[in-house]
Amino acid sequence: MNPQQVIAVLGYTFSTDSAQRNQAEELIRSLPSVEGAPLVLLQIVGNSAHCQREVRQAAAKRKAEAAEAAAPG
């Protein structure tokens, strides 16, 4: 996934349409298995010019969750 795709998916997690939101959340849950996803999330977090604050915060949260899940026990 490229940064623009991830930005769009993160944005859909705020949708009032539950079907759209659920689909976006499912895609987000699959990010840890996508090659390069951690780097894309970091790019989004640092991209204040092209992303809404809420999207950057969601990216930071997902990155932290992925790092926590990957940390040895």
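Is I44 buried or exposed? I looked this up before anything else.

**Entry: ground rules.** I'm working with a predicted model, where local features need pLDDT of at least 70 and side-chain atom pairs count only at pLDDT 80 or more, while totals for chains, interfaces and linings use all residues. Residues are numbered from 1 along each chain as its sequence is written, and side-chain values use heavy atoms, with hydrogens and water left out.

**Entry: I44.** I found I44 in helix 3; helices here are DSSP runs (H or I, at least four residues), strands are E runs of at least two, and both are numbered from the N terminus. With a relative accessibility of 1%, I44 counts as buried. My cut-offs are under 20% relative accessible area for buried, over 50% for exposed and partly exposed in between, using a 1.4 Å probe and protein chains only. I then listed what I44 contacts (heavy atoms within 4.5 Å). Leaving aside neighbours within four places in sequence, I44 is in contact with P3, V6, I7, L10, C51, V55, R56 and A59. I also checked I44 against A60: 16 residues apart along the chain, their C-alpha atoms are separated by 8.3 Å.

**Entry: helix 1 against helix 3.** How do the axes of helix 1 and helix 3 cross? Helix 1 covers residues 3–12 and helix 3 covers residues 37–45; their axes come within 10 Å and cross at roughly 75 degrees. That makes helix 1 roughly perpendicular to helix 3. For the record, axes are lines fitted to C-alpha atoms, for helices over the stretch in contact, and angles run from 0 to 180 degrees between N-to-C directions. Under 35 degrees counts as roughly parallel, over 145 as roughly antiparallel, 65 to 115 as roughly perpendicular and the rest as oblique.

I noted who meets whom: P3, V6, I7 and L10 come from helix 1, and V40, L41, Q43 and I44 from helix 3. The residues of this contact are seven nonpolar, one polar and no charged. Nonpolar takes in Ala, Val, Leu, Ile, Met, Phe, Trp, Tyr, Cys and Pro; charged is Asp, Glu, Lys and Arg; the others, Gly among them, are polar.

**Entry: the buried side of helix 1.** Which residues of helix 1 are buried? I get V6, I7, V9 and L10. They sit on the same side of helix 1, because they cover an arc of only 165 degrees around the axis, taken from the directions from the helix axis to the C-beta atoms. Their cover includes helix 2, helix 3 and helix 4. A8, also in helix 1, is partly exposed at 36% relative accessibility.

Entry: Not counting residues up to four places away in sequence, L31 touches M1, V6, A37 and L41.

**Entry: two last residues.** R62 lies in helix 4 and is partly exposed, with a relative accessible area of 24%. Not counting residues up to four places away in sequence, R62 touches L10, I28 and L41. S33 lies in the loop between helix 2 and helix 3 and is exposed at 65% relative accessible area.
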